[in-house]
Amino acid sequence: MRRLVALALATALSVPLAACSDEPVHDPAGGPTETTPPASPVPSSADPSATPSGDPSASGSADPQALPPVRHRVSLPALMREDVRAGRLRRTEPLASTARWRSWAATYTVDGATVSGELLVPRGRGPFPAVVLNHGYIDPAVYTLGRGLSREQEWLAAAGFVVLHTDYRGHAGSDPVGDVDRESRLAYTRDAIGAVKTLEQEPYVDDDRLAMLGRSMGGGVTLNALVAEPGLVDAAVVFASVSSRFVDNIRQFTEPNRPEELARYYDRFGTPEESPRFYRDLSSRTFFDRVTEPVLMLHGSADDTCPVAWSRQTHGLLRDVGADAELEVYAGEGHAFGPRFADSMRRTLEFLRVHLRL
């Protein structure tokens with residue numbers, strides 16, 4: 001079914017793109033869990049940032065196969081029309097080995113650009129289910145291969161999943177990335193989509209059981225991928241995600257940390273007040289009616305990097321359009337997760353096993 005959905009949504013139009021959001025890493029705390037049940041279809045509510053009054057074209061269509069208009073080449077609607085092409089996965093260096101899995105440094109190509117990452121493959125015959133991991137923001141100047149989700153990748157590999165932790169362009173051994181790509185995050189989304197497509201080509205991967213997991217900025221990348229290419233994966237998990245509203249992330253991260261880059265960005269594209277449509281078209285929530293996969297969201301109530309209110313709002317908007325979305329809030333837990341990390345991974349594995357039919 002996932003392949004049929006993806007095929008139905010593919011178009012021949014190719015549009016050049018780019019890539020947004022980031023955060024420092026904070027120490028976590030612990031506490032009990034608050035659970036929100038899965039979504040059931042309910043009437044859509046009007047979110048001002050997703051569907052501005054008097055501008056029905058600013059939101060997605062009720063039909064996930066109907067593409068919204070492209071108003072700028074740097075936008076999610078433009079990405080929806082891309083046929084992202086991925087080359088074969090190449091193992092470049094052996095890394096670690098345990099009784100349950102082995103790992104390698106690896107590269108793959110996305111529309112000809114090289115992207116590096118870390119590949120973990122369970123021992124055994126396979127084919128295995130697979131998960132693409134999208135990491136959070138780490139300064140590219142200090143980022144190293146496979147960094148950011150090392151705990152998650154080892155949990156998943158030990159549980160029998162092939163894991164590809166992608167580095168994104170501009171990180172580790174990947175090809176460089178331009179300023180617009182770095183700030184809009186769309187190139188990172190393309191790299192995540194390409195990671196799924198490169199795994200589909202591997203004989204030891206069950207291409208009918210694929211998932212995506214993103215943390216922090218990577219949560220935003222994951223949500224972008226879900227609206228850009230419905231049917232690409234069978235399930236998605238987002239930890240401590242950035243906002244699904246692009247402007248929130250600019251104001252929380254870019255404005256205080258990279259004001260000079262933000263000034264250049266505003267000079268080129270206008271401010272959110274001057275170009276509201278441009279920023280709405282970079283917000284995944286604008287197109288949540290295109291999400292066809294079940295989504296599990298996990299967030300700590302004490303997160304002072306990405307406020308839990310962001311995930312509550314994203315979850316509510318997904319539910320409003322009838323998406324199968326769940327949110328679990330871990331009381332007292334911080335951005336990086338600490339005492340409840342094992343609990344969150346057990347919940348993740350439970351969710352993936354149900355929705356990947358394992």
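Author: Let's start with a term: a charge sits over a ring if NZ of Lys or CZ of Arg is within 6 Å of the ring centre and within 35 degrees of the ring normal. This is a predicted model, where local features need pLDDT of at least 70, side-chain atom pairs count only at pLDDT 80 or more, and totals for chains, interfaces and linings use all residues. Numbering runs from 1 along each chain as its sequence is written, and side-chain values use heavy atoms, leaving out hydrogens and water.

Reader: OK, which ring does the charged end of R91 sit over?

Author: That of W104, 4.0 Å from the ring centre. R151 has its charged end over the ring of F341, 3.9 Å from the centre.

Reader: And how many aromatic pairs are there?

Author: The structure holds 12; rings of Phe, Tyr and Trp (its six-membered ring) pair if their centres lie within 6.5 Å, with planes under 30 degrees apart stacked, over 60 edge-to-face and the rest tilted. Y330 and F337 have ring centres 5.5 Å apart and planes at 70°, so they are edge-to-face.

Reader: Y330, buried or exposed?

Author: Buried, at 1% relative accessible area (buried is under 20%, exposed over 50%, partly exposed in between, with a 1.4 Å probe and protein chains only).

Reader: Which rings form a cluster?

Author: F246, Y265, Y266, F269, F278 and Y279, linked by ring pairs.

Reader: Switching topic: what does L89 touch?

Author: Leaving aside residues up to four places away in sequence, L89 touches A106, T107, Y108, L119, L164, T198, L199, E202 and Y204; contact means heavy atoms within 4.5 Å.
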